[in-house]
Amino acid sequence: MKTILLCSDGSAFADSIYRYGAWFARKFQAQTKVLFVTDIRSQKVVSTGNFTGSIGLGASDQLLNDLVNLEHERAKLNNQRARLILQNADEVLKTEGLKEVELINPTGFLVDCFHDFEAEADMVVLGKRGEAAEFASGHLGANLDRIVRSSTKPCLVTPQTFAPIERLLLAYDGSPTGKRVLNFLVDSAAGFKDIEIHLLTVAKADSDAAKSQGLADAQQTLQQAGLTATTQLLSGDPEKVIGNYIEQNKISLLLMGAYGHNRIRHLVIGSTTVQLLRSVQVPVLLFR
């Protein structure tokens, strides 16, 4: 892992984005970039309109001038806000021990320009919620779902509060995506040697021989890389089983494949990924 991209909007979740990003950057000696996108709508001056029919020509001109001046002031404030957000990010990351941080501030829409910067990153870090976090505490951020679904890189989704990473859980299902997560641990073995690793497979029944064998094979793969893992095969609803396991074992990082269910089921009941992102209070590293 060479480059980590931190996506910030200056919200209440920003601090944990920086601290979790710094944790991974230190572990893997990775370069860190902070991306804050200034909304293009804040840069556009109000368009001229014809108000004369309702309020008269003189009043219309004065109103238009006031609106234009207001938009100019708003643009200045947004530019100042962007500088302060990136300055704060730089300060936090430097406090966390990172020496060099690249600050990026394009103008546009995050979902539109994100992929230009994602292409050069090995991992993306973003908050579970954004600017409206205090008003929609039970929902995920507006951009999160679109970014995670479209990103080709592992995405670390962070909670609002940072906590040291001491135990990680890999929710392993034996799928190609699950094996990709497993390979990530193998390739990053040096960075996780001091972390307690748990492997959990959720099956329809406790006696699922195929799932049990897949779990044993995954454990052996980690052992060959020098990593020791505690394994568990449990049955039940994946969201509830994984959530309970995280709470009971004091897991501090969840690794899993993202959006394993088909589109129709997602529309009806929501995917396990979305449900877990909403319910768990630990960072989740998602792989596509």
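# Why the labels fit

User: Why is Glu166 called partly exposed?
Analyst: Glu166 has a relative accessible area of 45%. Buried means under 20%, exposed over 50%, and partly exposed in between (1.4 Å probe, protein chains only). So Glu166 counts as partly exposed.

User: What are these values computed from?
Analyst: This is a predicted model, where local features need pLDDT of at least 70, side-chain atom pairs count only at pLDDT 80 or more, and totals for chains, interfaces and linings use all residues. Residues are numbered from 1 along each chain as its sequence is written, and side-chain values use heavy atoms, with hydrogens and water left out.

User: What makes Arg167 and Glu166 a salt bridge?
Analyst: The closest N and O atoms are 3.7 Å apart. A salt bridge needs a side-chain nitrogen of Lys or Arg within 4 Å of a carboxyl oxygen of Asp or Glu, so the pair qualifies. Arg167 is partly exposed, at 23% relative accessibility. Elsewhere, salt bridges that share partners join Asp15, Arg19, Arg26 and Glu96 into one network. The structure holds nine salt bridges.

User: What separates Arg19 and Asp15 in helix 1?
Analyst: About one helical turn, because they are four residues apart in helix 1. An α-helix has 3.6 residues a turn, so residues three or four places apart point the same way. Arg19 and Asp15 form a salt bridge, with the closest N and O atoms 2.7 Å apart. Arg19 is partly exposed, at 23%. Asp15 is partly exposed too, at 33%.

User: How do you know that the length of helix 1 agrees with its residue count?
Analyst: Helices (H or I, at least four residues) and strands (E, at least two) are DSSP runs, numbered from the N terminus. The expected span of a helix is 1.5 Å times one less than its number of residues. Helix 1 (residues 14-28) has 15 residues and should span 21 Å. Its end C-alpha atoms are 21 Å apart, so the two agree.

User: Why is helix 1 called largely enclosed?
Analyst: 11 of its 15 residues are buried, so the rest of the structure largely encloses helix 1. Among them are Ile17, Tyr20, Trp23 and Phe28.

User: What makes Trp23 and Phe24 an edge-to-face pair?
Analyst: Rings of Phe, Tyr and Trp (its six-membered ring) pair if their centres lie within 6.5 Å; planes under 30 degrees apart count as stacked, over 60 as edge-to-face and the rest as tilted. Trp23 and Phe24 sit 4.9 Å centre to centre, with 75 degrees between the planes, so they are edge-to-face. Both are buried.

User: Why is the pair of Phe184 and Phe287 called tilted?
Analyst: Their ring centres are 5.2 Å apart and their planes meet at 55 degrees, so the pair is tilted. Phe184 lies in helix 6 (residues 176-187) and Phe287 in strand 12 (residues 284-287), so the pair ties together parts that are 103 residues apart in sequence. Phe184 counts as buried at 11%, and Phe287 at 2%.

User: Is Lys33 buried or exposed?
Analyst: At 10% relative accessibility, Lys33 counts as buried. Its salt-bridge partner is Glu120, with the closest N and O atoms 3.0 Å apart. The pair links distant parts of the chain, 87 residues apart. Glu120 is exposed, at 53%.

User: Where is confidence lowest?
Analyst: pLDDT is the predictor's confidence in each residue, from 0 to 100. Helix 10 (residues 263-269) is lowest, at a mean of 40. Strand 8 (residues 167-171) is highest, at 96. The mean for the protein is 83.
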